[in-house]
Amino acid sequence: MELNQKILDLMIKNRRTFNEFQYTVPSPSSYPYQWFWDSCFHAIILSYFNMEDAKKEILSVVSKQFENGLIPHMIYWERGELINIDWGKQDTSTITQPPVIGHAVWHIFSKDQDKRFLESLYLSLKKFTNYLLSQRDPRGHNLIGIINPDESGEDDSPRFDIPLELDPKHTKEVNFNRRLHLVKQNLVCNFDAPFCMKNFFWVKDVPFNVIMIDHLSYMTKIALEIGMHEDANHFLYHADLIKDAMRKLMFEDGVFYSTYGQDYKKIKVLSWAILAPLFANLYTKQEAETLIEKHFLNEDEFNLKYVVPTVAKSEASFDPKGFWRGPVWMAINWFVYKGLANYGLVELAEKVKQSSIQLLEHSGFRENYNPLTGEGGGAEEFTWGGLIIDMN
Ligand code: GLC
């Protein structure tokens, strides 16, 4: 069967409805709820098949936005048995995920020019954007903070080992319990972000900030499209401020590193996060070439049999079967594909796409893949492989 047909079949199989809402679960057995950045990926995928389904996915994910603007990273709709973290609320979690939403909404709009869709979402998008710009940057230093590793979307990434006081090698259980402890601390302060960051987990993550810059650039376009010129200037201004702050506080050794603590100590772990800034054009052409040569094409780091490993092989924490500690994840391949394409590195982008296709063909739609063997890991019937359709 053709790959596009398999993608469509999976998207339909994983489709759920609740009252007037329609959404897609990332995996029926492992992830039977709605997730924020997953739904943004789903909307992009669905736009290749049916625009209304793509729009519904976005409308349902914003429908549980908090009063303060936060869009929760999980909506339970109907609570099932598979709930292993108490986020303090019945119907949603209390944390967010990277803002891929501006990108997804613009992607949809660019296909059918439906301004009413933009207008119906605008206030919600603006409120969420301003929540991130204010609550997640209380000191006005122009970097957006996360209050929990799960907000990065890369739950147990080794980027968070140092802030969590974990060794590079530890078991899944140790990692999970440490994150659970953090959630308990956050519950006590009612997920008050500035307080949580200051007291428990103060991390400015590279991909989150890269995606925020991308989001702000699309918010600028969206605002202009519907005649909100002042807002457009505001979004563009903040995108530039974050770019400058990333350069000032995260850039060293030719790459961008995530930081922790009040004084922005760099977390010098080589993960795919060093490639993420390509997605928002943060490297100069020269820097990008050096980065590719030194890291992306380095067989001891990222140039493994299957790309893109989420963590460089040279890292002590690298584990080819270790969730976010080495395996290939399709959404990451999508970010890297787009990033390489931004720099006109067509052949390298194609390498990422071909590797993704091979993985899907050999191992099916899995949550992640061993970069050394191509073997699938984690959830089954997992939707992210559908992003291959947008690698163009
Ligand atoms: C895992 C991933 C996260 C994703 C969720 C649902 O927790 O780490 O990024 O959103 O599963 O697919």
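## The ligand site and the cavities

A polar atom in the side chain of Gln97 lies 2.9 Å from an oxygen atom of the ligand, a polar contact being a pair of N or O atoms within 3.5 Å. On its own the ligand has 300 Å² of accessible area, of which the protein covers 95%, with areas taken from the Shrake-Rupley method and a 1.4 Å probe. The model is predicted, and local features need pLDDT of at least 70, side-chain atom pairs count only at pLDDT 80 or more, and totals for chains, interfaces and linings use all residues. Residues are numbered from 1 along each chain as its sequence is written, and side-chain values use heavy atoms, with hydrogens and water left out.

The residues around the ligand, each with a heavy atom within 4 Å of it, include Pro26, Tyr31, Trp35, Gly153, Asp155, Trp324, Phe382 and Trp384. By class, this shell has seven nonpolar, two polar and two charged residues, where Ala, Val, Leu, Ile, Met, Phe, Trp, Tyr, Cys and Pro count as nonpolar, Asp, Glu, Lys and Arg as charged, and the others, Gly among them, as polar. The ligand takes the space of the largest pocket, and a molecule sits in such a space if more than half of its atoms lie within 2 Å of its grid points.

A pocket is an open set of points on a 1 Å grid over the protein atoms alone, with protein on both sides within 12 Å along at least five of seven lines, whereas a cavity is a set where a 1.4 Å probe fits but cannot get out; lining residues have an atom within 4 Å of a point. There are two cavities of 30 Å³ or more, a volume being the space filled by probe spheres set on points that are joined across faces, edges and corners. The largest cavity, of about 40 Å³, is lined by Asp137, Pro138, Arg139, Met197, Trp202, Lys204 and Tyr264. Its lining has four nonpolar, no polar and three charged residues. The second largest cavity has a volume of about 30 Å³, and its lining consists of Lys285, Ala288, Glu289, Tyr343 and Leu345.

Note on methods: Polar contact = N/O pair within 3.5 Å; in protein donor to acceptor, adjacent residues only side chain to side chain.
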